[in-house]
Amino acid sequence: MYVPKLYAVNDAEEVHAFLKAHPFGTVVTHDGQKPHATHVPLRFHAEDGHVWFTTHVAKNNPQWQTIEDQTVLIIVQGANAYISASLYGHEDVSTWNYQVVHAYGQATILNAEQLEEDLAGLLRDHEGERENAVVWEELSEPVQRQKHGVVGFRIDVTEMQAAFKLSQNRNETDYTRIVSELEQEGCPMAEVMRKQR
């Protein structure tokens with residue numbers, strides 16, 4: 001991914017926080033003839049300077065057969081918004097603000113025990129303290145058996161690129177005007193920009 005210096009995010013803690021807050025992304029592989037992409041829930045892990053993701057796809061999805069023995073790309077996107085040049089104090093081009101992380105790594109297929117542990121973790125991550133929370137260990141055997149319909153894998157990250165294009169090149173007046181306009185439109189990018197400035 002091309003990342004202009006102005007928009008590059010090099011703070012690992014900031015990137016990790018973003019990935020934890022956006023647990024859904026796209027896994028891209030190649031079968032030798034064409035690319036394959038699947039949109040998946042992602043569990044982000046970081047320990048002792050090592051970073052990895054775990055996820056799963058349907059067993060009927062042929063992409064899982066291309067997942068090992070190649071570099072896998074994970075794309076995680078955050079807020080994005082069209083920015084009209086009408087919001088600037090001078091003539092210029094309209095643009096798009098966005099947050100995106102590309103992570104590259106090597107994948108390995110999870111065994112049955114690892115897959116079940118990851119599925120249980122996924123429920124814990126998202127059910128939290130919800131009333132009547134769904135807990136893997138309390139699911140009936142027929143429901144748990146559906147795990148046989150998916151293939152889980154772990155992607156050990158070897159390289160990560162992050163770009164947060166948030167009108168950093170604009171003066172304070174234009175920046176404030178952009179945030180105000182996005183707030184009026186109910187766009188989530190407004191809050192992102194307000195926190196980042």
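Predicted model: local features only at pLDDT ≥ 70, side-chain atom pairs only at ≥ 80, totals over all residues.
Residues are numbered from 1 along each chain as its sequence is written, and side-chain values use heavy atoms, with hydrogens and water left out.

Let me begin with the sheet. Helices (H or I, at least four residues) and strands (E, at least two) are DSSP runs numbered from the N terminus, and two strands pair if DSSP finds at least two bridges between them. Here 7 strands form an open sheet with antiparallel pairing, in the order β2-β1-β5-β6-β7-β4-β3. Because β2 (35-41) and β3 stand at the edges, each with a single partner strand, one side of each is left without a neighbour in the sheet. Neighbouring strands are turned by 35° against each other on average, direction ignored, where axes are lines fitted to C-alpha atoms, for helices over the stretch in contact, and angles run from 0 to 180 degrees between N-to-C directions. As one example of pairing, β1 (residues 24-30) is joined to β5 by 3 bridges, the two running antiparallel, and Val27 stands opposite Ile74 in β5.

Helix α1 packs on this sheet, touching β3, β4, β5, β6 and β7, and its direction makes about 130° with that of β7; contact here means heavy atoms within 4.5 Å.

Which residues of α1 (residues 12-21) are buried? They are Val15, His16, Phe18 and Leu19, and they lie on the same side of α1 because they cover an arc of only 160° around the axis, the arc being that of the directions from the helix axis to the C-beta atoms. On the other side of α1, Glu13, Lys20 and Ala21 are exposed, and for Lys20 the relative accessibility is 58%. The C-alpha atoms of Lys20 and Gly32 are separated by 32 Å, although these residues are 12 residues apart along the chain.

Now to the charged pairs. A salt bridge is a side-chain nitrogen of Lys or Arg within 4 Å of a carboxyl oxygen of Asp or Glu, and a search of the whole structure finds 9 of them. One of these joins Arg170 to Asp92, with the closest N and O atoms 3.1 Å apart. This pair links distant parts of the chain, 78 residues apart, since Arg170 is in the loop between β7 and α4 (172-184) and Asp92 is in the loop between β5 and β6.

A second salt bridge joins the side chains of Asp174 and Arg177 (3.0 Å, N to O), and both residues lie in helix α4, 3 residues apart, about one turn of the helix. Asp174 is buried at 2% relative accessibility, while Arg177 is partly exposed, with 32%. Finally, salt bridges that share partners join Arg43, Asp118 and Asp125 into one network.

Definitions and conventions. Buried < 20%, exposed > 50% of the residue type's maximum accessible area, 1.4 Å probe, protein only.
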